[in-house]
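Hi,

Here is the structure I said I would pass on.

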Amino acid sequence: MAVLGCTGSIGSQTLDVCRRHADRVRVVALSANVSTAALVRAAREFGARHVALADASRATDPVMSELPPTCEIGLGEEAVTELAELPDVDVVVNALVGFVGIHAGYAALKAGKSLAYANKESVVCGGDLLMPLASPGQLLPVDSEHSAIFQCLVGERSEDVSRLWLTCSGGPFFGLSRDELAEVTPERALAHPTWRMGSKITIDSATLMNKGLEVIEAHHLFQVPIDDIRVLVHRQSKIHSMVEFVDGVVKAQLGGSDMRAPIQYALSYPERWEASVRRVDWCGEPDFTFDEADERTFGCLALAKRAGREHGTLPCAMNAANEVANEAFRRGLCGFLDIERSVGAVMDAWDNEEVQSVEQLLEVDRRAREMARAQLGVAL
Ligand SMILES: NC(=O)C1=CN([C@@H]2O[C@H](COP(=O)(O)OP(=O)(O)OC[C@H]3O[C@@H](n4cnc5c(N)ncnc54)[C@H](OP(=O)(O)O)[C@@H]3O)[C@@H](O)[C@H]2O)C=CC1
Ligand SMILES: CC(=O)[C@@H](O)[C@H](O)COP(=O)(O)O
Ligand SMILES: [Mn+2]
């Protein structure tokens, strides 16, 4: 197995699953961007044969000399992608963050690897290119909602699906007004009510862009029209999503807020392996709540649905603008509502066209980032 992005939130939880199931899973390849100490620690623990460091300038970090002597080191973004194609790798976990993950996803599918997919941005941008490459059961979703939907669909026929109910925690700012949102700080936005995740996705959850990305992700993964995917605010994050069928029956998948469950399912499918995750005592969970998502207050959700409906390169442009604005907000360079404003402005100015190639998407990503930086007046 290769774990790309092994030092992040999903990557480190993947390693935890591998640790528990060392009799079933052998980790041979690992990647990171800058976190050399964590990369070396993992390579030593799992006896990895290959590591890749996307930021080549970190190769001289003294800790890198502590890699096992037989471990091959690759440097640069291409080296991360190459791990996904190695002959001694059969399963690739794509736990990279952002559009950059598209290269590894594309390469893994082309090389016929089984692909556990957390990197939602690349599905949003390149679903039109990735999905036709995936044979049935080759691409296993890791995102909790999509894993839930996937689990509800086991044994079902796609033509029997009526709509998807994508649950949403509502984020840390549920119920706030636009005036209140204008004042929120990165620190408050990073305090997610139910999940501990990497900083980029946590900000996306606060703007509801995460849910917008997930609507487009679900559209590609399950071939369901954007308007048949309903966002349902469920503050407790115990129902991970639901599928409604043509006969009105609804199936849901429930559990605690622990990403090791969907990660493990992506690795064990079609089996289930035992797990010592904390079990929910359902008798103590009487207060499930459901609300409509407030797209007027959280405009990023409406923008993403629009991008999903208009299709083409617009979702990629939207994602690029969001990646820039998300980082600008985290760094204190813009306000919370500037995220939505700048993403909307880039989308309004975008000349949409059909998706044709990864090279085209790279250019779309580059141009949309430039436009977003100009909108925000930042030089990221
Ligand atoms: N965290 C979660 O619970 C969930 C995450 N997801 C999705 O999973 C993906 C990963 O999220 P998360 O784990 O939170 O993110 P993190 O930021 O925690 O981790 C990202 C990983 O990618 C590496 N990385 C960052 N930039 C680059 C780059 N330019 N090139 C190569 N590697 C890079 C990081 O390395 P380094 O540590 O060296 O910087 C790190 O290993 C995202 O797409 C997210 O939306 C989906 C559902 C839940
Ligand atoms: C754990 C996971 O899959 C995240 O995408 C989570 O769903 C974020 O929570 P929100 O529902 O607040 O976006
Ligand atoms: Mn999710």
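**Around ligand 2**

Two helices, α6 (144–153) and α10 (209–222), each supply at least two residues of the shell around ligand 2. (Helices are DSSP runs of H or I with at least four residues, strands are runs of E with at least two, and both are numbered from the N terminus.) Before you go further, note that this is a predicted model, where local features need pLDDT of at least 70, side-chain atom pairs count only at pLDDT 80 or more, and totals for chains, interfaces and linings use all residues. Residues are numbered from 1 along each chain as its sequence is written, while chains are lettered from A and ligands numbered from 1 in the order in which they are written.

The residues around ligand 2 are D143, S144, E145, C168, S169, G171, W195, S205, N210, K211 and M259. A residue counts as near a ligand if its C-beta atom, placed from the backbone, lies within 6 Å of it. By class, this shell has three nonpolar, five polar and three charged residues. Here Ala, Val, Leu, Ile, Met, Phe, Trp, Tyr, Cys and Pro are nonpolar, Asp, Glu, Lys and Arg are charged, and the others, Gly among them, are polar.

**Around ligand 1**

Ligand 1 has 30 residues around it, and G5, G8, A54, M197 and G198 come nearest. At least two residues of this shell come from each of α1 (9–20), α3 (77–83), α5 (120–130) and α9 (199–207), with α1 giving the most, three residues. The shell divides into 15 nonpolar, 10 polar and five charged residues.

The domain bounds come from an automatic or database domain assignment.

**Domain 1 and domain 3**

The chain also has a domain 3 (311–380). The C-alpha centres of domain 1 and domain 3 lie 26 Å apart. Between the two, 10 residues of domain 1 are in contact with nine residues of domain 3, contact being C-beta atoms, placed from the backbone, within 7 Å. On the domain 1 side, α4 (102–110) and α5 each give two or more residues, and α5 has the largest share, six residues. That side has six nonpolar, two polar and two charged residues.

Happy to talk it over.
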